[in-house]
Amino acid sequence: EEVKNTGIHEGAQTLHVSLLGDEILQVYPDAVRRIRPDGKPTEWKPPGNRKILHACSNSMQVVLAVSGGDVYYLQEGSTEAEKLALGPGKEITALALQPSPSLNEPARYFAVCDTSNQLKIVDIESQGGAAIIHTRELSKRVCSLALAQLSPNMLLLGIGTVDGIFIRTQLNMQTGKLGEFQSKYVFCFCT
């Protein structure tokens with residue numbers, strides 16, 4: 001059965017959709033649309049008519065990559081996205097956000113990769129704002145990233161490259177350090 005009046009912008013090319021707290025989150029190139037439980041939408045648009053290229057979220061937070069290489073962060077309950085200072089603005093090719101550790105606890109880490117093949121691990125909760133805590137140069141262009149909880153202190157980081165290589169490593173949540181990289185040819189799944 002088709003649902004009517006969801007608040008979703010049906011004419012937009014949706015990049016990402018999820019729940020953010022009790023709101024429906026829709027990300028499309030022109031805006032982040034949040035539909036409240038009463039059905040009323042609110043939107044945040046990137047400055048300067050720039051486009052959103054990538055988005056990831058968990059139940060409390062959203063990370064956005066915008067054309068020009070900027071990364072923005074939005075938390076449940078806030079109305080404006082915060083621009084994160086992550087260095088020179090290279091175009092972002094992939095993002096991944098740690099799942100929320102619990103219902104009331106925001107994630108601490110996200111991963112981002114850019115066109116210079118720099119993988120960066122970012123600590124969102126760092127004192128003084130988000131901080132890059134680990135950088136690693138990769139030999140292939142990355143087109144997808146995923147973070148999954150392995151244990152209370154360990155995350156799995158999955159990395160997909162444009163030529164079909166899957167790389168996995170572990171992220172220690174206490175130190176922010178990455179473990180050994182293991183790679184396997186899967187198939188070409190990115191364009």
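Colleague: How many aromatic pairs does the count come to?
Modeller: The rule pairs rings of Phe, Tyr and Trp (its six-membered ring) if their centres lie within 6.5 Å; planes under 30 degrees apart are stacked, over 60 edge-to-face and the rest tilted. By this rule, the count comes to one aromatic pair.

Colleague: Which residues form the aromatic pair, and is it stacked or tilted?
Modeller: The model is predicted: local features need pLDDT of at least 70, and side-chain atom pairs count only at pLDDT 80 or more, while totals for chains, interfaces and linings use all residues. Residues are numbered from 1 along each chain as its sequence is written, and side-chain values use heavy atoms, without hydrogens and water. The centres are 5.1 Å apart with 50° between the planes, and the pair, formed by Trp-44 and Tyr-72, is tilted.

Colleague: Are Trp-44 and Tyr-72 buried or exposed?
Modeller: Buried means under 20% relative accessible area, exposed over 50%, and partly exposed in between (1.4 Å probe, protein chains only). Both Trp-44 and Tyr-72 are buried.

Colleague: Which residue meets Asp-70 in a salt bridge?
Modeller: A salt bridge is a side-chain nitrogen of Lys or Arg within 4 Å of a carboxyl oxygen of Asp or Glu. Here the N to O distance is 3.5 Å, and the partner of Asp-70 is Lys-83.

Colleague: What is the relative accessible area of Asp-123, the partner of Arg-108?
Modeller: Arg-108 and Asp-123 form a salt bridge, with the closest N and O atoms 2.9 Å apart. Arg-108 is partly exposed at 35%. Asp-123 counts as buried, its relative accessibility being 5%.
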